[in-house]
Structure formats: C-alpha cells, structure tokens
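Notebook open, viewer open. I'll jot down what I look up as I go.

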Amino acid sequence: MKDANCLPSHTADARVIHETYTTEMSRVGADMTIKRTGSAMPSILIVDDEHQIRQLIRTTFEEAGYRVAEASNGRDALEQYRLQPADVVITDILMPDQDGLECITVLRRESPSVKIIAITGGSDMIGVLGFLDVAKMLGAHSTLQKPFEMKALLDAAESALLA
C-alpha cells in the first residue's frame, strides 16, 4: 500500500496522485509560505516525462507562491531555460530524448549558479554509484528518491534558493 503523503514512483493511477496531493497539502498547510527576502516570486522549471508528476509538482509550487514552467525532457528543458532562466530546476533523471544527468551537466556548464534538484524513481546504478549520487557529483544541489513527500521537495527548493 502506498504512503498517502508521498509522491508515487509510477503514475498509473491518477486517483492516487490526487489523494497524495490533497493529503499532503492539508498536512503541509501553513508551512508552505516562502521564507525568502525580496519581492520577486522565485521561478521553478519542472522537468519530468510524466505529465501527472509535473502537474502535481506544478500545483504544489504555484500554491506556495512560485512561478512554474514545465518541460517533458532534458532537451526541451535546456531550450526553455535558455529562453527564460529559472531560479531552481527540478529534474527527473530517467527520461527519453535527453535524460536528467545530461541536462544537469549542460545546465551546470552554461549557468554555474543555477540551483538544481534531481529526482528519480529509478534505482539503477552507474558502476557502483546510484543515479542520484551521480547527479550530486554533476552539480545537483539536492536529490530526492521517489516516492517522496511534497514538503521535502518544497524544503529542498527553499534550501537551494537560500544557498
């Protein structure tokens, strides 16, 4: 049985995602306020090949006061970032066309100050390292293994903005 407070690693059941979001938002409540200085709303670019995951993360961050853009793969994310840079990029690792590790590498090279959060439901290894370990080595500010609580993702974004 899935934990109702976590982002599922697979999105086959839209009802689970909706229940996850509803439960998490009511549990998080007032903790979603942005703890930052300045008046500009921070911007987030969500990169994930699963539409339902992007929607869940989008809604969470919009309700927390962020401007949100989306991309379905690393290639589209890079094009979008070059046109409209985001304060924080949240990228899945395993995606078609261009994966998250390639995206992190290019983002870090082209924009060294960008804050990156890597997420994945995959547990495969590259040699002796997991995907999230490699993402961290390539420059991700933080990493989260799916399933994760939405509050953990919000906290990771807050931490990245303050870093």
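Predicted model: local features only at pLDDT ≥ 70, side-chain atom pairs only at ≥ 80, totals over all residues.

Numbering runs from 1 along each chain as its sequence is written, and side-chain values use heavy atoms, with hydrogens and water left out.

**Helix 2**

My helices (H or I, at least four residues) and strands (E, at least two) are DSSP runs, numbered from the N terminus. I checked the length of helix 2 (residues 51-63): at 1.5 Å a residue, its 13 residues should span 18 Å, and the end C-alpha atoms are 18 Å apart, which agrees. The expected span is 1.5 Å times one less than the number of residues. Then I listed its buried residues: Ile53, Arg54, Leu56, Ile57, Arg58, Thr60 and Phe61. Buried is under 20% relative accessible area, exposed is over 50% and partly exposed is in between, with a 1.4 Å probe and protein chains only.

**Aromatics**

I found 1 aromatic pair in the structure.

I traced an open sheet of 5 parallel strands in the order 2-1-3-4-7. Strand 2 (67-71) and strand 7 (142-145) are at the edges with a single partner strand each, so one side of each has no neighbour in the sheet. Strands pair if DSSP finds at least two bridges between them; strand 4 and strand 7 have 4, in the parallel sense. Ile119 stands opposite Leu144 in strand 7.

Next, the helices over the sheet. Helix 5 lies across strand 4 and strand 7, at about 165° to strand 7. Helix 6 (residues 150-162) lies across strand 1, strand 3 (88-92), strand 4 and strand 7, at about 155° to strand 4. Axes are lines fitted to C-alpha atoms, for helices over the stretch in contact, and angles run from 0 to 180 degrees between N-to-C directions.

**Cores**

Which residues touch the most other members of the largest nonpolar core? Leu45, Ile93 and Leu107 do, out of 23 residues. Helix 4 gives the most to this core, with 5 residues. A core here is a set of buried Ala, Val, Leu, Ile, Met, Phe, Trp, Tyr and Cys residues joined through side-chain atoms within 4.5 Å. Leaving aside neighbours within four places in sequence, Ile93 has contacts (heavy atoms within 4.5 Å) that include Leu101, Ile104, Ile119 and Phe131. I also noted a second, separate core of 21 residues, with Ile44, Val88, Met150 and Ala156 among them.

**Loops**

Lys146 to Pro147 is a cis peptide bond, omega near 0°; Pro147 is in the loop between strand 7 and helix 6. Asp97 has a positive phi of about 70° although it is not a glycine. I placed Asp97 in the loop between strand 3 and helix 4, where it counts as exposed at 55% relative accessibility.

Notes:
Phe/Tyr/Trp six-rings, centres within 6.5 Å; stacked < 30°, edge-to-face > 60°.
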